[in-house]
Amino acid sequence: MTVNLFPNYIAGTWAAGRGAATNINPSDLNDTIGDYAQASADQTAQAIEAAAAAFPKWRAASPLIRFEALDRIGSEILARVDELGDMLAREEGKTLPEAKAEAHRAGHLFKYFAAEAYRTTGDIYQSLREGVSLKVLREPIGVVGVITPWNFPLAIPAWKIAPALAYGNTVVFKPAELVPGSAWMLSDIIARAGLPDGVFNLVMGKGREVGEAIVTHPKVSGVTFTGSTPVGRNMGAALFARGAKMQLEMGGKNPLIVLDDADLDLAVHCALQGSFFSTGQRCTASSRLIVTEGIHDAFVDRLCTAMKDLRIGDARAADTQIGPVASEAQLAIDKRYVSQAVDDGATLAAGGGEVESKTPGHYFAPALFTDVSPQAAVARDEIFGPIAAVLRVPDYDAALATANDCEFGLSAGIVSRDAAKIDHFSQNAESGMIQVNLPTAGMDFHAPFTGRKGSSYGAPEKGSYCREFFTAAKVVHEGRGQ
Ligand code: UN1
């Protein structure tokens, strides 16, 4: 093992793997960050066996013990927000303020779920039969596989690992291969929190090997996954085939409706933030701007002007508003969609090209398309980049119909002053989350996170709603004799 190799964590021991992967700073491709051990399928199986062996003891641990461990992890994350944020910004490319805010959110998620350990209550029913008592218990499910994406490498693992542990499960964590640095630092903090060996395991991996080893292993009782819809659907089929539980958070193609009566400045602010901040790399990003006729031209005009002023640059530079695209592969996808949208007849109203920079990096100017057909790929596919399509509609009814004409249903926004339309939209948008006069991205961490249609499958994440996934109900009938 070289000095700079960051190992996996299996059964309470740091372990080198089979080879290593290096993460690279997308703001400066000359900056290689570290080498991270790659786990083999065999090592993944060892981690799962260790988690299964640790489960009886951890499920029996007092809620106080679980609270203290998670609370300690939360405190340590909060004490190291600057360091964690720096790593996140350096390896993923979101700006330093965004990265620190995410680290802060991760710390508080651990604290929130620490307290959830106290709330694993059950129910008592009055039995229909005399002399019989009837209660419903909530039990942890066992070994939980946690498979996470590259765009929120601290917050998403936090809102999956923390509840898994709080409710008494043990964890095998596979972070995205692009961002092992943040995941490793988070895992190091968890590993030092005094959990029994095997309760938490880290297995890093490129490609499908580690993920498949987790999804197909009979001792993994459930998998919580965030990532693309095609990958989630595949995983879901494999989990269903062996009767395992699943919580899948997948894609989005989130509409932001702007009505004629909207406050124009607010509408532009929501679009700018929702579509382009975090370089558009959020499943909650506003990628469809559905705008009614009367405000369309003024809105597009104002948004294009605001886009010209966006400061795109090194994620860790003080004045940067938009960092680079996270990877070469994602940059290629973004560019492909820009040329396809033009080929499909849309007008490129702003941005869409590479940006000059002091250091070699994946810099890309956020792109805005107008005159977009609702059937065009740029209006239908989840791109996961800073690309937004404006769809012009005659009125609110058409805006709602356009918003709902989509395979996804994660977050949906509306900018308007009309209380009746806002209320109608909140009730009729086919999405799990609604944002009124706000960007579609940016969710409170203590509320549930959930989508409809192709966006989500299984119980919501976060809040106490996620208990539905991390625990199973058990119904106990007890007779008191003749
Ligand atoms: C947010 O917008 O606050 O992958 C969070 C994602 C989501 C998280 C978004 N699962 O972008």
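Predicted model: local features only at pLDDT ≥ 70, side-chain atom pairs only at ≥ 80, totals over all residues.
Let me begin with the domains. Domain 1 covers 5-250 + 455-478 and domain 2 covers 255-436, with bounds that come from an automatic or database domain assignment. To their contact domain 1 brings 19 residues and domain 2 brings 22 residues, where two residues are in contact if their C-beta atoms, placed from the backbone, lie within 7 Å. On the side of domain 1 that touches domain 2, the elements giving two or more residues are helix H3 (81-92) and helix H4 (96-116), and H3 gives the most, with four residues. Helices here are DSSP runs (H or I, at least four residues), numbered from the N terminus. By class, that side of domain 1 has six nonpolar, seven polar and six charged residues, counting Ala, Val, Leu, Ile, Met, Phe, Trp, Tyr, Cys and Pro as nonpolar, Asp, Glu, Lys and Arg as charged, and the others, Gly among them, as polar.

Next comes the ligand. Because domain 1 and domain 2 both give residues to the shell around the ligand, the ligand lies between them. The residues that surround the ligand include Asn151, Phe152, Glu249, Arg282, Cys283 and Met443, a residue being near a molecule if its C-beta atom, placed from the backbone, lies within 6 Å of it. The shell is made up of six nonpolar, four polar and two charged residues.

Now back to H3, for its helix neighbours. The axes of H3 and H4 come within 8 Å and cross at roughly 125°, the axes being lines fitted to C-alpha atoms over the stretch in contact, with angles that run from 0 to 180 degrees between N-to-C directions. H3 is therefore oblique to H4, given that angles under 35 degrees count as roughly parallel, over 145 as roughly antiparallel, 65 to 115 as roughly perpendicular and the rest as oblique. The contact of H3 with H4 has seven nonpolar, three polar and three charged residues; among them are Leu84 and Leu88 in H3, and Ala99 and Ala103 in H4.

With helix H6 (residues 180-191), H3 packs at an angle of about 155°, the axes being 8 Å apart, so H3 is roughly antiparallel to H6. Here Leu84, Met87, Leu88 and Glu91 in H3 meet Gly181, Ser182 and Met185 in H6, and these residues divide into four nonpolar, two polar and one charged.

My last pair is helix H9 (residues 264-276) and helix H10 (residues 293-308), which pack at an angle of about 55° with their axes 10 Å apart. H9 and H10 are therefore oblique to each other. Among the residues making the contact are Leu264, Val268 and Leu272 of H9, together with Ile295, Phe299 and Arg302 of H10, and the residues of this contact divide into 10 nonpolar, no polar and one charged.

Key: Residues numbered from 1 in each chain as written.
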